[in-house]
Amino acid sequence: MGDVVQIYQDYKDRADFLTVYVREAHPTDEWQMKSNLKDDVCYAQPKTLQQRVIIANDFTKRFKFPLPFGIDDMSNAANDAYAAWPERIYIIDESGHIAYRGGIGPFNYKPEEARGWLAARYGAVKHEAPKSPPAATPTATAPAASPSPAPSAPAK
């Protein structure tokens with residue numbers, strides 16, 4: 001999830017984004033996983049659109065998910081059209097054609113490939129590596145240090 005959020009933050013001024021919630025990948029009444037229990041994301045497979053809306057709202061609020069969010073209808077039209085279950089990334093160009101079709105998750109879901117397509121189209125966005133804090137030294141013998149310059153903002 002973090003990779004997609006960072007891609008959105010980096011390219012939201014150049015491309016439109018939409019996340020579409022399709023049927024549950026690991027519902028409690030079908031194929032629950034231990035990771036669902038650990039992450040406290042335990043839902044039965046929604047039987048109504050209202051139930052999907054409730055789960056989607058819980059997700060976006062709980063995880064402060066910033067991307068625009070849509071919900072597939074109960075006929076699963078988006079899932080069927082894009083083979084989106086359990087997760088997948090598509091990039092649709094300005095003419096409405098599929099310009100990038102990511103692999104089906106979880107094993108072939110590779111957000112970095114979508115980032116590569118966006119970088120080729122709009123330019124790469126560089127992020128500075130986090131700076132490590134200075135090594136701790138005893139305060140009684142530490143020389144006075146001048147403050148280091150403030151880190152610069154990531155390039156866009």
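## A walk through the predicted chain

Residues 24 or more positions apart account for 49% of the contacts in the protein chain with a separation of 6 or more, where contact means heavy atoms within 4.5 Å. What you are looking at is a predicted model, in which local features need pLDDT of at least 70 and side-chain atom pairs count only at pLDDT 80 or more, while totals for chains, interfaces and linings use all residues. Residues are numbered from 1 along each chain as its sequence is written, and side-chain values use heavy atoms, with hydrogens and water left out.

Let us start with the overall layout. The protein chain has five helices and four strands, taken from DSSP runs (helices are H or I with at least four residues, strands are E with at least two) and numbered from the N terminus. Along the sequence, the pattern reads α-β-α-α-β-α-β-β-α. Of the 156 residues in the protein chain, 26% are buried; buried means under 20% relative accessible area, exposed means over 50%, and partly exposed lies in between, using a 1.4 Å probe and protein chains only.

How confident is the predictor? The pLDDT, its confidence in each residue on a scale from 0 to 100, has a mean of 81 for the protein chain, with 74% of the residues at 70 or more.

Now to the interior. In soluble globular proteins, nonpolar side chains tend to be buried together. A nonpolar core is here a set of buried Ala, Val, Leu, Ile, Met, Phe, Trp, Tyr and Cys residues joined through side-chain atoms within 4.5 Å. The largest such core has 15 residues, and Tyr11, Phe17, Leu67 and Leu118 have the most contacts inside it. The largest share, five residues, comes from H1. Phe17 is a handy place to look around: leaving aside its neighbours within four places in sequence, Phe17 is in contact with Ile7, Tyr8, Tyr11, Lys12, Leu67, Pro68 and Leu118.

The two helices also meet each other directly. Two packed helices are described by the angle between their axes and the distance between the axes. H1 and H5 pack at about 10°, with axes 10 Å apart; the axes are lines fitted to C-alpha atoms, for helices over the stretch in contact, and angles run from 0 to 180 degrees between N-to-C directions. H1 is therefore roughly parallel to H5, since angles under 35 degrees count as roughly parallel, over 145 as roughly antiparallel, 65 to 115 as roughly perpendicular and the rest as oblique. On the H1 side, the contact is made by Asp3, Val4, Gln6, Ile7, Asp10 and Tyr11, and on the H5 side by Pro111, Arg115, Leu118, Ala119 and Tyr122. The buried residues of H1 are Val4, Val5, Ile7, Tyr8, Asp10 and Tyr11, and H5 is included in what covers them.

Thr60, in helix H3 (residues 49-62), is buried at 18% relative accessible area. Not counting residues up to four places away in sequence, Thr60 touches Phe65 and Phe69. Ile98 belongs to strand S4 (residues 98-101) and is partly exposed, with a relative accessible area of 39%. With the neighbours up to four places away again left out, Ile98 touches Tyr82, Tyr90, Ile91 and Ile92.

Finally, a word on the backbone in the loops. Most residues other than glycine have a negative phi, and most peptide bonds are trans. Lys64, in the loop between H3 and strand S2 (69-71), has a positive phi near 50° and is exposed at 68% relative accessibility. Asn76, in the loop between S2 and H4, has a positive phi near 60° but is buried at 18% relative accessibility. A cis peptide bond, with omega about 0°, joins Trp85 and Pro86; Pro86 sits in the loop between helix H4 (77-82) and strand S3 (90-92). Another cis peptide bond joins Gly105 and Pro106, again with omega about 0°, and Pro106 is in the loop between S4 and H5.

Terms used
pLDDT is the predictor's confidence in each residue, from 0 to 100.
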